[in-house]
Structure formats: structure tokens, C-alpha cells
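Have the viewer open as you read.

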Amino acid sequence: MKVACLQFTPTHKNPSVSLSRADDLLQASCLQPDDVDFLVLPEMAFSGYTFHSKAEIAEVAEDDGDERGMTVQWARRWARRLKAYVQVGYPRRISNGPHFLYYNAVLVISPAGTIITRYNKHFLYTTDENWAEEGERFTTYSITIQDKPIKVGPGICMDINPKRFLAPFDAYEFANFQVSQNSDIIICSMAWLLSGDAPTDEDVIASSPMPHHNPTDTPTSTPVWSNVRYWAVRLMPLVNHTERTDKAIVVVVCNRTGVEEDVTFCGSSTVMKFKNGAVEVLGTLGWKEKGVLIVET
């Protein structure tokens, strides 16, 4: 199975410009039909992430069930073009009598252009709490890729953390749920923040777990390895599960880049494989890189 992560910087509160930017990067990647099985985009991919109220998010939220929504139309177009599944994050609006409920959600579209599922972020980050309702539960869904049944677990950023940072670190709520569902691939759309300092020249080689490096690597093209390691640690139950079984579990983390207000995002989109009680990093993008990461899993 081949997966692709589209990492880029959306224009805050301007989905039309963000859509065009995503189109340009995908076209530049020269992806052709059947080149990949899954295309993944970040959390709140076209709207930007930082919103402070329901009134503010209402300007860019997309109505549930509206087949004409920007994100639905964009994902459907690229799913059909690439003959691939597409997961993309967006602000979701659901009518609730005279009021609306807003969710930080992901949309999954099939290669035929049909909606597979919409998943609402279950564990909210503090920024989400300004406007979003909490999703009811974690979930999985089943698809077929290359005639093989696949159980997929969607996730959104804070989902992999302890709930509200108050639950015990080793509760591993999201990872344990995915193990209980026997998921084959976990796909997380992220708007993960940069914590600590950005990579420097000294970090390019010294902090990397990858066995080989391109001598032209720069701080910009280097992932924030501390974040990559943290994502792996938060999925520790997958290590234990694959050590006891012959199962391999692929994890796709698609993050965004750029700055919004005083918030910097750490990029570093990563594809990992958990197998035989170990974690293998199959591919990454740098913390500031804009482009498409394509990985054979």
C-alpha cells in the first residue's frame, strides 16, 4: 500500500487560497492515477486552525450533508483523479434546531468519490474548546485496497494525547482503542504545534533516527525528531501488540506548516510502521517543507 501526505501552510480564514495552494503542490508532485492508495491532508486543512469563537468559525465552517461544500468537492475531485482514498480535516457544522453545533472533523472520500465517513475529533485541544463540540467516541471503518480488507482508524491531533492532559500518561486511550479494534492503519490529520526550538544545522544529523541521510539536508528539511518520537511514544500499545502477534500496523501522521498569530506548527509529517515490537520510520518531511511525502508501506 502506498500513502501520500500533503504538507503545506493554509492561508488562515481563506479556504479558496488554501485550496489553490494544495492543488499546486499536488500538481507539482506529478502524482498519477493509481500511484497511491491514500492521500492524507492536515487537520483544518483549508480553513487554518486558530479560531476563538463560534462566530469566528462560522465564517468558514461547512454544513453537514452539503455536497457542494468546498472540502467535499475538493476531496472528491482528487479522489477520482488519483483513484485513491482521501482524508482531509475541516470545520464541520451540524444543524441542531435553531442553533448549530460545530466540530473539528475529518472527511474520508472513496476513489469513486463517495463519502466513507466523517469523524469528529474526540479529544479537544484548548484552542478547539473555543468553538468545537467534543466528538462522541473514537472510531474505525473498513475499506478494501488491492482486494485486501483494511481496518482504518482515523484520528485528529490531540486524540493521541491523554484526555485534556489530565488522564494518566499511560492510559493511551486512542492507541488502546485502535488495538482493541485490530486496526491495520491509523491515519492522523494534525495541526501539531512546535514545542521547544526549531531544528538547527547541528540537529540535521545528530538527532535523527534515520539510518541514511541526504548530505543536502538543511534545518528546513529536517523533521522535529522530538515530536516524531513523542508521536511514537503515544502509540506504545501498538509496540506491545505487534510484539505479541505477527501483525504490522502502519501509522500516518500528516501535519501542517506555518504560523498563525503567535502559534508555529511543526510540520514533520511522518509514516511509521509498528512490527515485531519495534517502530520503523518509513518516511518524513522537514518541519518547514511544503510538498507531498509518498511512502510504500
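## Surface and overall form

The chain exposes about 12,500 Å², and carbon and sulfur atoms supply 49% of it; accessible areas come from the Shrake-Rupley method with a 1.4 Å probe, and for residues only the protein chains shown count as cover. Please keep in mind that this is a predicted model, where local features need pLDDT of at least 70, side-chain atom pairs count only at pLDDT 80 or more, and totals for chains, interfaces and linings use all residues. Residues are numbered from 1 along each chain as its sequence is written, and side-chain values use heavy atoms, with hydrogens and water left out.

Of the 297 residues, 55% count as buried (under 20% relative accessible area; exposed is over 50%, and partly exposed lies in between, with a 1.4 Å probe and protein chains only). The C-alpha atoms fill a box of roughly 55 × 45 × 40 Å along the principal axes.

## Secondary structure

You will find seven helices and 15 strands in the chain. These are DSSP runs numbered from the N terminus: helices are H or I with at least four residues, strands are E with at least two.

## Salt bridges

Side chains of opposite charge can pair when their charged atoms come close. A salt bridge here is a side-chain nitrogen of Lys or Arg within 4 Å of a carboxyl oxygen of Asp or Glu, and the count comes to 14. One of them joins Glu133 to Lys54, with the closest N and O atoms 3.3 Å apart. This pair links distant parts of the chain, 79 residues apart: Glu133 sits in the loop between strand 6 (115-120) and strand 7 (141-145), and Lys54 in helix 2 (residues 54-57). Glu133 is partly exposed at 26% relative accessible area, and Lys54 is partly exposed at 38%.

Lys247 and Asp184 also meet in a salt bridge, at 2.5 Å from N to O. Lys247 lies in the loop between helix 7 (236-244) and strand 10 (248-254) and Asp184 in the loop between helix 4 and strand 9 (185-189), so the pair ties together parts 63 residues apart in sequence. Lys247 counts as buried at 13% relative accessibility, while Asp184 is partly exposed at 23%.

Within it, Arg164 pairs with Glu129 through a salt bridge whose closest N and O atoms are 3.6 Å apart.
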